[in-house]
Structures are given as structure tokens and as C-alpha cells.
Amino acid sequence: WKNYNFANQLISKNLFYSLDKEVLKINRIKDLYLRINKKNINLNKSQKEIIFITGMPRSGTTLIEQIISNNNFTFAGGEIDFISKNIDNFLFSEGQDSNFSDQKIDSFLKNLGNQYLKLLDLKSDYSNFTDKMPQNFFYLGIIKTLLPNSKIIHVTRNPIDNCWSLYKTYFSNNAQPFSYSQENIINYFKLYNNLIKFWESYLPNTIYTLKYEDLIYKPESEIKKLLAFCNMKWSKDYLNFYKNKNNVYTASAFQVRNKLYSTSINSWENYSKFLTKFKKELKYIQ
């Protein structure tokens, strides 16, 4: 614990991270989506099966991508920041003024969807495509507007385990700048949890939620249900996901080369006396 704590404090000194921009971004995303939703527009119907795998970082998104892509017709796209970067740039393109005209919104959405589909056409030999950028949870309503035929898989995990895994992981290139402070992790998790509930209220029966713990304890039945949602046929090969040769560039690269294991479940309990903030703030979040 001493070393984990020291490392996080050391990194935090150089990040100057604040959640204020995340809050502002969420408010703008909601405003944008509510305007789009009123117009009831659908923009791009892709011939490909596009599967978005989202959730908190360290929740199991890489594992799900490895399982789904363990065939010869699904391209594992990994963490693609194309949608997130473009939407964020649009939302903040005029400083603090986000009162965009309908014409500007329509043009932006049409171009974004078309550009994303062109990106997939680079892999035209595949019929399915996964995009497992965890932070796509910010944009789920907009994604379904852009790509109405896409699938959304939301991976969840015990909140305390999830947040503990974040705190003890180093992310290259400052990929998760909130993850080096217990307080920031807790507040970020709450923002994520509330936003997911917002999307679920507007996208009923659209988001497939998979619990990491259920997958570990009931792998075959959970994978069968997951594949059915993705319009894929069951094969025992999917249980051998650890043989998947896809390149993995996330912090889970080592774990997904192994068979399923349960040692990560309730692993936070080994450090329970140091994680009182997590226990207090996250224990009752569902």
C-alpha cells in the first residue's frame, strides 16, 4: 500500500486534474442529445455489425472484446478515440458557448457518422467490428443516433473492485488522469453511474449490461447470451478467448492471455483498512 500510495501521489503532482470539465462535458452532451432526440433522426445504417463495448476502465471491456472477436469475421478495433475526440472538439469548439444551430449539429453528425464508417471500410474483409473505448459511455445516445444498427455492451464490475483496480494501475500517456486519487476515482465513478442511468432511461432495451462476476462464475451461459445479443452463433471456441492472437494495447494485455480466473473478485479486501473512502462511497452503488 505504501508504494501504491506514493506512486499515485507522485503522478498526481504533475497532472493537475479536475472533474469540473467532465461535469461540463456531460451537461453539454445531455443538452446535445436531447436536441437530437426531439428531432428523431437516424443517420447511418451500416452493413457491418458494429459492436461498442463500454464501461469504466478496468471493468473487463478488453476481456469481452477478446471473447467476441475470437473468430475469423470480427475485427477487434481496440480503443478507438475517433468518436470521443470529434464530439469533444465539437462541444468545445466555441469556448463556453455551446448553443449550436440545428444546421451545424446536423452537418456535424452526418460527417462524423460517414467518417467513422469510412474508417471501418479499411477493414472491409470483416463483417463485424468492435470498438472498445471504455469512455464511449459518455456518448451512447449520440452513438445510437449516428449508427442506429450498432450494438452497445456495457460491462460492469463490483464498484470497489473496479475502483481499487484503477488506483493500483499505471496508465501510459495519462490515459486515465482521474485514477491517481481515491477522491477523483469515487467522483468519476459517480458521474459515470449517473450518466449510464440517463442513457438507460432514453435507450430502453438497447444497452446490454454484462456483469464481470457473472461471466467469471458462469462463462458458458453468459457468453451464449452475449453472442445472441450480437447476432453470433455459439461455439465452444469462444471459451478459448485466451488463444486469440489479436494485439492488445491496454493495461489488461497480460490478463486476457490467460483463462478466466476469480482472484480479482473482492481483491480490494486485502487492502480494506486503506480503502475506507471506497467502502463508504461505493458500497451501495448498483
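How many helices and strands are there in the chain?

## Overall make-up

The chain has 11 helices and 5 strands, taken as DSSP runs (H or I, at least four residues, for helices; E, at least two, for strands) and numbered from the N terminus. This is a predicted model, in which local features need pLDDT of at least 70, side-chain atom pairs count only at pLDDT 80 or more, and totals for chains, interfaces and linings use all residues. Residues are numbered from 1 along each chain as its sequence is written, and side-chain values use heavy atoms, with hydrogens and water left out.

Of the 286 residues, 50% are buried, meaning under 20% relative accessible area with a 1.4 Å probe, protein chains only.

## Nonpolar cores

A nonpolar core is a set of buried Ala, Val, Leu, Ile, Met, Phe, Trp, Tyr and Cys residues joined through side-chain atoms within 4.5 Å. The largest has 58 residues, of which Tyr 116, Ile 142, Trp 199 and Phe 278 touch the most other members. Elements that each supply at least two residues of this core include helix H2 (20-39), strand E1 (49-55) and helix H5 (102-121). H8 gives the largest share, 9 residues. Apart from this core lies another, of 22 residues, with Ile 53, Ile 64, Tyr 208 and Leu 227 among them.

## Helix H8

Helix H8 (residues 182-202) has 21 residues and should span 30 Å at 1.5 Å a residue; its end C-alpha atoms are 31 Å apart, which agrees. The expected span is 1.5 Å times one less than the number of residues. Among the buried residues of H8 are Ile 185, Phe 189, Tyr 192, Ile 196 and Trp 199.
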